[in-house]
Amino acid sequence: MSKTFNIYCDESCHLENDHKPFMFLGSISSAYNQVKFHTEKIKNLKSKHHFYGEIKWSNVSKSKFHFYMELIEYFFNTDLMFRTVGVEKSKINNEAFNQSYDDFYYKMYYTLLNYNINTLYKYNVYLDIKDTLSAYKVNKLKEVLNTKYSVFRNVQNIRSHESILLQLADFIMGAISYQHNNKEKKNLAKVQIIKKIQQHSGESLMGTNYSEKLNLFFIELR
């Protein structure tokens, strides 16, 4: 019986005209039979710290600092894996490739997911819902991915409140995006969380690295 993995994907600073220099897409992957385990463990962490909202990088504050620091510890002590792809938006040239910005967005998703695929396994992919056309686009993404692998069993949109692991993807990717897109880092809680991630990963988070645990890939556009 083949092993199945769930992959939960989100984006940061992905809007074309948001005045942020870098765009990121990120994912958390978990063995299918471990999803419930990780969900319950993170829910227990939330209860311990009296945290009742969604886990989001934008919600990081001094009052919830200890919860988020313990969440980072949890991630690095488990088999969960994170991957993100980033691109400098000023270098995107859609006209040269006769494509729309949305076309480029989904090409980035292909780059995110087309990595370290084991053809003996099956994969379920869950993307944070973006707009009313998302269902059509994820079906196309599934079709393109399966022309090469035929192992993506399910590719669909969900809302962030439906999955704690999707929220975790938002949180870790938000830290990387903050490191790149905010010259003035005024939120001290966020700065300390980034330092904690850097310590655990042994990476600055500023360039491509090929770690399985915390994988960063920056697309070099020509």
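**Helix H5 against helix H6**

I find that H5 and H6 are roughly perpendicular to each other. The model is a predicted one, and I read it as such. I looked up the axes of H5 (residues 164-181) and H6 (residues 188-201): they cross at roughly 105° and come within 10 Å. I call this perpendicular because angles of 65 to 115 degrees count as roughly so.

Next I listed who makes the contact. From H5 I noted Phe171, Ala175, Tyr178 and Gln179. From H6 I noted Lys190, Ile193, Ile194, Ile197 and Gln198. Sorted by class, the residues of this contact are 6 nonpolar, 2 polar and 1 charged.

**Helix H1 against helix H5**

I then turned to H1 and H5. Their axes cross at roughly 70° and come within 9 Å. H1 is therefore roughly perpendicular to H5. On the H1 side I wrote down Val35, His38, Thr39, Ile42, Lys43 and Lys46. H5 answers with Ile164, Leu165 and Leu168. I sorted the contact of H1 with H5 too: 5 nonpolar, 2 polar and 2 charged residues.

**The largest pocket**

What volume does the largest pocket have? I read about 330 Å³. The lining has 17 residues, and the closest to the pocket centre are Ile7, Ser29, Met81, Tyr115 and Asn116. I checked which elements give two or more residues to the lining: strands S1 (4-12), S2 (22-31) and S3 (81-88), and helix H3 (101-113). S3 gives the most, with 3 residues. By class I get 10 nonpolar, 5 polar and 2 charged residues in the lining.

**Salt bridges**

How many salt bridges does the structure hold? I found 5. I looked up one of them, Glu70 with Lys48, where the closest N and O atoms are 2.8 Å apart. Glu70 sits in helix H2 (residues 65-76) and Lys48 in helix H1 (residues 35-48), so this pair ties together parts that are 22 residues apart in sequence.

**Ile219**

My last entry is on Ile219, in the segment after strand S6 (214-218). Which residues does Ile219 touch, leaving out those up to four places away in sequence? I noted Gly86, Val87, Met108 and Thr111. I also looked up Ile219 and Val85, which are 134 residues apart along the chain. Their C-alpha atoms are separated by 6.9 Å.

How values were computed
Residues are numbered from 1 along each chain as its sequence is written. This is a predicted model: local features need pLDDT of at least 70, side-chain atom pairs count only at pLDDT 80 or more; totals for chains, interfaces and linings use all residues. Side-chain values use heavy atoms; hydrogens and water are left out. Axes are lines fitted to C-alpha atoms, for helices over the stretch in contact, and angles run from 0 to 180 degrees between N-to-C directions. Helices (H or I, at least four residues) and strands (E, at least two) are DSSP runs, numbered from the N terminus. Angles under 35 degrees count as roughly parallel, over 145 as roughly antiparallel, 65 to 115 as roughly perpendicular and the rest as oblique. Contact means heavy atoms within 4.5 Å. Ala, Val, Leu, Ile, Met, Phe, Trp, Tyr, Cys and Pro count as nonpolar, Asp, Glu, Lys and Arg as charged, and the others, Gly among them, as polar. On a 1 Å grid over the protein atoms alone, a cavity is a set of points where a 1.4 Å probe fits but cannot get out, and a pocket is an open set with protein on both sides within 12 Å along at least five of seven lines; lining residues have an atom within 4 Å of a point. Grid points are joined across faces, edges and corners, and a volume is the space filled by probe spheres set on the points. A salt bridge is a side-chain nitrogen of Lys or Arg within 4 Å of a carboxyl oxygen of Asp or Glu.
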